Number of protein chains: 2
Amino acid sequence: MLDPEIAGAGGAEPADFYGELVAAGLLIPAGVDGAFGRSHRFESVLDAVNSAISRASIDDQAEYCVFPPVIDRRIIERVHYMDSFPNLCGAVCSFFGNDAEARALSRRIHAGEPWADALGMTQVVLNPAACYPLYPTLTGTMPWGGRTVTMLNWVFRHEPSREPTRMQSFRVREFVRIGVQDEVLAWRDTWLARGLELLRSLGLEAVPDVASDPFFGRGGKMMAVNQKEQKLKYEVLVPVNSAAAPTAVCSFNYHQQHFGETFAILNPDGEPAHTACLGFGLERVAMALFKAHGCDADRWPGEIRRRLWP
Amino acid sequence: MLDPEIAGAGGAEPADFYGELVAAGLLIPAGVDGAFGRSHRFESVLDAVNSAISRASIDDQAEYCVFPPVIDRRIIERVHYMDSFPNLCGAVCSFFGNDAEARALSRRIHAGEPWADALGMTQVVLNPAACYPLYPTLTGTMPWGGRTVTMLNWVFRHEPSREPTRMQSFRVREFVRIGVQDEVLAWRDTWLARGLELLRSLGLEAVPDVASDPFFGRGGKMMAVNQKEQKLKYEVLVPVNSAAAPTAVCSFNYHQQHFGETFAILNPDGEPAHTACLGFGLERVAMALFKAHGCDADRWPGEIRRRLWP
């Protein structure tokens, strides 16, 4: 799960950098904050970052798959997402009415009236965390040595903002490790080092940090404190908007047996499996590169270009 | 805009083919009809199809961009999508309440009660047609010769089904031509021939057809008749579930001046621009290939493999 929070506070006005990215023809304003289009030149950097991550992960021999941007609503109900982040959810609603109700809906829309109450909930929600759709597919007993899976999924968070790294909709290159506790924690630590190395090799000033999720409400503050005390979440931070307030571009979460218990994912010894995941926010890494090396990728240092386009 | 309708009726039980694709490890059931995961072997075929389309489109010199799966709600309000296809929409709703309301929401969810009425509408909806987010970005005057844009976007239609080609969430490789009427219609006709040639070169029995959209309700039937009479929509059909009821894998729409007028997209002479679009349903083309050549792409005829992986 990639944490959308920016560590720290202060620094330059973040909307400035959004304006720069638009002026350079990298982002395309699309009427809503955090849901802009990406140009060809932006996508070619994002694709190169994704490929560089694939090369760095070759030892994992991870199974690759893709899930669509919408997932089974029961997943977010069962993993308690709505208890912790109700304000970030994106539930998909549609129209289930008849001809006359459709005509009434049309009149309301053309009169500029709200129309949410004419809709009903569907079975799907927008996927809020790249790894979520995977767990229910793993119910059963893992092989010895566990499994490693990688995905490239679109993720949604309802937090519209002009700040360019705080998107409503973005892509996460995700890895999930399932197994016994020692395997899972060793794998996470390997990746924490590997992620730092990869980002630094691209000329980014990457630093690790113990982190927490943006849990909702007053009760959420205590959950965040517990999460930090148990060191369940790490992030890699890189300057994007400013050096003073770097942005999380990579996030590492150890879930203990939470998903193993919820979805009956068992180790060969019959115990619920441990899981950990890590996600690279691909748009954020691309933006960090544009910030560090300039908006014209053709003029980036040869060493960086060779690492991205070998 | 890609029409999700299957032409004709009858033939083999379509859910059979879904079961085959799952058994072959190509699709991954994910709890909801039409929102399954795609395996590595499925994705490698889908990527190859997308690249083959890029090669076929080289003369277009189209500008490439990507829009996220969610778009500005005002777009579907302004283009009258909700008048024609309200039942297919996916409006994104979220939680805007306080601490106490969040606790009440949590209790309802854990009690298994419905919770749609605890949500409010956001500014975004799922994108129902790959080309929609482009038009508002084109407001202004086109250059002489117009423009051609291509995109790879996730599209949503609320029509859950076990039939594998009728997905809720899928990818469309889209092309849009903006210009004067003659340019736009000539471009569409070129692509109709080019699309047929491309699909036939991959060993698919592709046939063109005049088509209509699945307009909602009684009034919708008349709109569909008009659309067919004016030949505004063509499709290319290919056997997927059965030869008797082939599936639309490519759709060509001429919009006349509809988007030009709605979004003030003008030709150099000051008149609203004409637009046309075409979209390849990438999952559908991949499924058609698995149907025609078998579920193991390593064993496909050498000629087909060389065209997909040159």
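## Sheet pairing and salt bridges

In strand 6 of chain B, Met121(B) is the bridge partner of Cys93(B). This is a predicted model, in which local features need pLDDT of at least 70, side-chain atom pairs count only at pLDDT 80 or more, and totals for chains, interfaces and linings use all residues. Residues are numbered from 1 along each chain as its sequence is written, chains are lettered from A and ligands numbered from 1 in the order in which they are written, and side-chain values use heavy atoms, with hydrogens and water left out.

Strand 5 (residues 91-94) and strand 6 (residues 120-126) of chain B pair in the antiparallel sense over three bridges. Two strands pair if DSSP finds at least two bridges between them; strands (E, at least two residues) and helices (H or I, at least four) are DSSP runs, numbered from the N terminus. An open sheet of six strands, with antiparallel pairing, runs in the order 4(A)-6(A)-5(A)-5(B)-6(B)-4(B).

Over all chains there are 30 salt bridges, each a side-chain nitrogen of Lys or Arg within 4 Å of a carboxyl oxygen of Asp or Glu.

A network of salt bridges links Arg38(A), Glu43(A), Arg171(A) and Glu283(A). Buried means under 20% relative accessible area, exposed over 50%, and partly exposed in between (1.4 Å probe, protein chains only). Arg171(A) is buried at 8%, as is Glu283(A) at 1%. Arg299(A) is exposed at 71%.
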